[in-house]
Amino acid sequence: MRIGLFVTCLTDTLFPDTGKAVVTVLERLGHRVEFPAGQACCGQMHFNTGYRREATPMARGFVAAFGGYQAVVTPSASCASMVREYYPALAAEAGDESLARAVAQIAPRTYELSVLLADVLGVTDVGAYFPHRVTYHPSCHSLRMLRVGDAPARLLGAVRGLDLVDLPDAESCCGFGGTFAVKNPDVSAAICADKVAAIRQTGAEVVCAADNSCLMHIGGALTRQRSGVATMHLAEILARTEDTP
Amino acid sequence: MTPPEQAGPHPGMPTYLGMPSFPVAAKTAVADSQLRRNLAHATHTIRVKRAGAVGELADWQELRAAAKAIKDHTLAHLDTYLVRLEQNVTKAGGHVHWAQDAAEANAIVAGLVRAAGADRVVKVKSMATQETGLNEALAADGIGALETDLAELIVQLGHDLPSHILVPAIHKNRAEIREIFLREMPDAPPDLTDDPRMLAAAARAHLRQAFLSAQVGVSGANFAIAETGSLVVVESEGNGRMCVTLPQTLISVVGIEKILPTWRDLEVFLALLPRSSTAERMNPYTSIWTGVTPGDGPADFHLVLLDNGRTTALADQIGRQALRCIRCSACLNVCPVYERTGGHAYGSPYPGPIGAIISPQLRGISSPVDASLPFASTLCGACYEVCPVAINIPEALVYLRGKVVDAKREKHFSPERTVFHASGLVLRSPALLAAAQRAAAVGGRLVARSGRIRRLPPPLSGWTDTRDAPAPPPESFRAWWARTRGSQPRGSRPRRSRR
């Protein structure tokens with residue numbers, strides 16, 4: 001399958017290794033991955049902060065970049081749900097019928113990585129090897145907007161050597177919430193403190209998620225506390241093999 | 001269309017005049033370790049119990065869909081059902097009054113109490129009268145109002161404000177409640193301990209005489225059934241039953257959205273409400289009355305139907321779903337923000353996620369607290385998932401954020417708007433984004449240590465006060481792709497030339 005990679009602005013700018021890992025995993029499975037350079041940001045930050053007008057041109061940019069693809073993969077459940085859940089509303093609000101038509105085409109074919117792998121391609125064993133104790137934080141948008149279900153857990157469960165440990169109160173938010181973390185820093189930090197305490201309680205070496213935004217938040221607290229617990233995007237774990245541990 | 005902003009802050013909820021914005025109030029709440037412990041314990045307990053009670057019903061999602069459909073239908077035909085309710089209440093011997101706002105509702109109630117020759121009332125816990133600030137308004141008229149719900153009594157005795165829809169004193173633990181009783185309740189036994197049973201017994205003894213001597217009772221209602229003009233109060237303690245049966249005069253203040261067309265509709269809500277709110281299969285006391293019955297209960301019944309901003313909310317396509325709310329408070333108990341701040345920071349009798357979408361709609365968005373409420377959420381979606389009437393709270397929050405931003409667009413200079421305008425230009429342009437990434441990589445190298453940034457200037461300092469920020473890597477993904485696989489086409493897929 002020819003797959004367009006929507007790397008997301010956050011991963012592009014701050015976590016390029018995640019993008020490389022997505023390419024590695026999909027190519028290992030025999031797919032052709034392309035990175036349309038016309039892509040930028042999905043507009044979620046603007047949309048969710050109330051700057052809906054500013055988000056519309058970003059939606060137009062997205063559909064222009066990915067219009068021709070059979071499938072679009074993104075290493076972010078949050079950005080995938082922006083495209084799938086909110087782009088139709090955005091197009092309707094802008095009264096832009098051609099955007100609405102393009103969204104109707106591309107939004108249903110935009111998949112978060114674990115959904116593309118486990119549900120669309122039907123693969124759970126991607127040939128990964130990662131001999132570490134890992135706990136998984138199901139990000140809110142993966143859980144409650146995109147409803148990825150147990151796709152990430154199935155993928156992690158098939159990774160050789162990986163010891164997956166349950167995260168207490170896993171389904172609770174990490175307190176990131178995009179601009180919430182800056183507009184309500186005290187509450188955000190208080191929520192994060194409890195998430196980090198739960199992670200440390202598991203004794204995991206690595207906390208993993210399907211969103212770098214949450215991982216950036218959780219990781220920021222973990223390193224500030226010098227906890228020794230690393231954050232890794234799901235894609236980066238799935239990319240590891242015996243040859244590249 | 002944007003509804004007109006109300007002139008002053010909160011004319012519809014006078015008790016909450018001059019509240020600070022949510023982030024300011026929340027900062028104090030988050031720093032209160034006793035409050036945090038009380039809230040974490042209470043919300044976690046009820047959250048687990050609710051999940052158990054809901055899990056027992058195989059058709060929960062169908063019930064939820066039915067409730068949503070019934071409420072939506074009723075709201076779409078509110079004019080019809082309100083008139084039908086009025087006709088049937090009147091036919092059953094009751095009197096119906098219409099109140100456009102809080103002041104009108106309070107004046108109607110005060111007038112009725114004086115007409116009954118009383119100078120005090122006993123009250124069932126009621127969100128509508130908290131909203132209108134009825135107790136304060138009656139006090140200004142020389143009328144005493146006694147709250148008879150245990151938690152509401154604790155709040156009243158403590159000269160406090162409620163912090164939860166269902167459990168108004170959730171922010172207090174039993175040691176604190178004991179102190180309030182000893183300090184404020186003259187008839188509290190001197191050897192009172194913090195044993196819950198002893199605390200409840202002290203409150204019961206305190207309230208009993210008031211019930212027996214009260215001339216006037218004041219209630220709200222969970223539901224008003226249009227086809228017969230019947231009112232329904234759902235409660236746990238039995239104080240509501242006494243308030244609506246013992247006094248000679250009963251006054252019920254009810255929001256116009258509480259209406260249900262028929263008794264059949266009520267069945268759905270009686271399955272949803274107790275499980276969602278107290279995690280019970282059925283609540284202990286459900287009182288239903290229709291007008292007056294000679295020799296049985298109050299001889300004089302008055303229904304005050306309250307608008308207070310509801311028709312403005314009803315006119316809003318996205319916002320109107322908040323009017324489906326049945327005040328169960330399931331969304332409060334699962335909210336990560338509410339769990340850390342409690343209810344007071346929301347500056348309204350309606351706290352938590354539902355408050356964050358109801359208060360700005362009922363009061364407008366002109367005050368600092370109302371303009372900040374739609375932003376008081378991480379958009380985690382836990383509220384929507386548990387809501388028994390399927391209110392998409394995250395959708396409404398994001399929508400109201402847009403209204404707050406749009407209302408400020410034509411006004412004074414805003415640093416935030418400048419940032420979002422500029423970042424909007426960068427984030428829609430691959431070339432500008434790539435340039436910004438190159439600049440960030442250089443800047444990051446200057447301020448980062450071991451790949452982490454420990455301090456950023458305001459407003460980003462709110463982040464780095466407690467969390468490190470990642471340093472931008474030397475090479476972005478798109479730069480890596482261009483360097484290693486640069487032969488691939490640029491721009492959108494070249495189905496046609498963009499030149």
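Residues are numbered from 1 along each chain as its sequence is written, with chains lettered from A and ligands numbered from 1 in the order in which they are written. Because this is a predicted model, local features need pLDDT of at least 70 and side-chain atom pairs count only at pLDDT 80 or more, while totals for chains, interfaces and linings use all residues.

**View 1. Chain A as a whole.** Chain A comprises 13 helices and eight strands; helices (H or I, at least four residues) and strands (E, at least two) are DSSP runs, numbered from the N terminus. Its C-alpha trace spans about 50 × 45 × 25 Å along the principal axes. The radius of gyration of chain A is 18 Å, which agrees with the value near 18 Å for a compact globule of 245 residues; that radius is taken over C-alpha atoms, and the globule rule is 2.2 Å times the number of residues to the power 0.38. Of the 245 residues in chain A, 63% are buried. Here a residue is buried if 20 or more other C-beta atoms lie within 10 Å of its own, exposed if 12 or fewer, and partly exposed in between, with C-beta atoms placed from the backbone.

View 2. Chain B has 23 helices and 12 strands, and its C-alpha atoms fill a box of roughly 90 × 55 × 50 Å along the principal axes. Buried residues account for 49% of its 499 residues. The average pLDDT of chain B is 93, and 95% of the residues score at least 70; pLDDT is the predictor's confidence in each residue, from 0 to 100. Look with care at residues 1-9 of chain B, where pLDDT stays under 50, and at residues 489-499 of chain B, where the pLDDT is below 50. Where pLDDT is low, the predicted coordinates should not be read in detail.

**View 3. Where chain B meets chain A.** In this view, 57 residues of chain B are in contact with 59 residues of chain A; two residues are in contact if their C-beta atoms, placed from the backbone, lie within 7 Å. Helix α19 (residues 393-409) of chain B supplies the largest share of the side of chain B that touches chain A, five residues. That side of chain B divides into 28 nonpolar, 15 polar and 14 charged residues. Ala, Val, Leu, Ile, Met, Phe, Trp, Tyr, Cys and Pro count as nonpolar, Asp, Glu, Lys and Arg as charged, and the others, Gly among them, as polar. The model scores ipTM 0.97 and pTM 0.94.

**View 4. A helix pair across the two chains.** Helix α11 (residues 185-202) of chain A and helix α1 (residues 22-31) of chain B have axes that come within 8 Å and cross at roughly 35°. The axes are lines fitted to C-alpha atoms over the stretch in contact, and angles run from 0 to 180 degrees between N-to-C directions. From α11(A), the contact uses D186(A), V187(A) and A190(A), and from α1(B) it uses A26(B), K27(B) and V30(B). By class, this contact has four nonpolar, no polar and two charged residues.

**View 5. The largest nonpolar core.** This core has 227 residues, and those with the most contacts inside it are I218(A), I237(A), L238(A), C331(B) and I393(B). A nonpolar core is a set of buried Ala, Val, Leu, Ile, Met, Phe, Trp, Tyr and Cys residues joined through C-beta atoms within 7 Å. Helix α5 (residues 77-94) of chain A gives the most to this core, with nine residues. Beyond four places in sequence, L238(A) touches A21(A), V25(A), V126(A), A128(A), L155(A) and V159(A).

**View 6. T231(A) and its surroundings.** T231(A) sits in strand β8 (residues 230-233) of chain A. T231(A) is buried because 23 other C-beta atoms lie within 10 Å. Its contacts beyond four places in sequence are V207(A), L215(A), I218(A), G219(A) and L222(A). The C-alpha atoms of T231(A) and V207(A) are separated by 4.9 Å, with the two residues 24 apart along the chain.

View 7. T8(A), in the loop between β1 (2-5) and α1 (9-14) of chain A, has a positive phi of about 75° although it is not a glycine. T8(A) is buried, with 27 other C-beta atoms within 10 Å. R147(A), in the loop between α8 (140-145) and α9 (151-157) of chain A, has a positive phi near 55°. R147(A) is exposed, with 12 other C-beta atoms within 10 Å. In chain B, a cis peptide bond joins P458(B) and P459(B), with omega about 0°; P459(B) lies in the loop between β11 (452-453) and α22 (461-464) of chain B.
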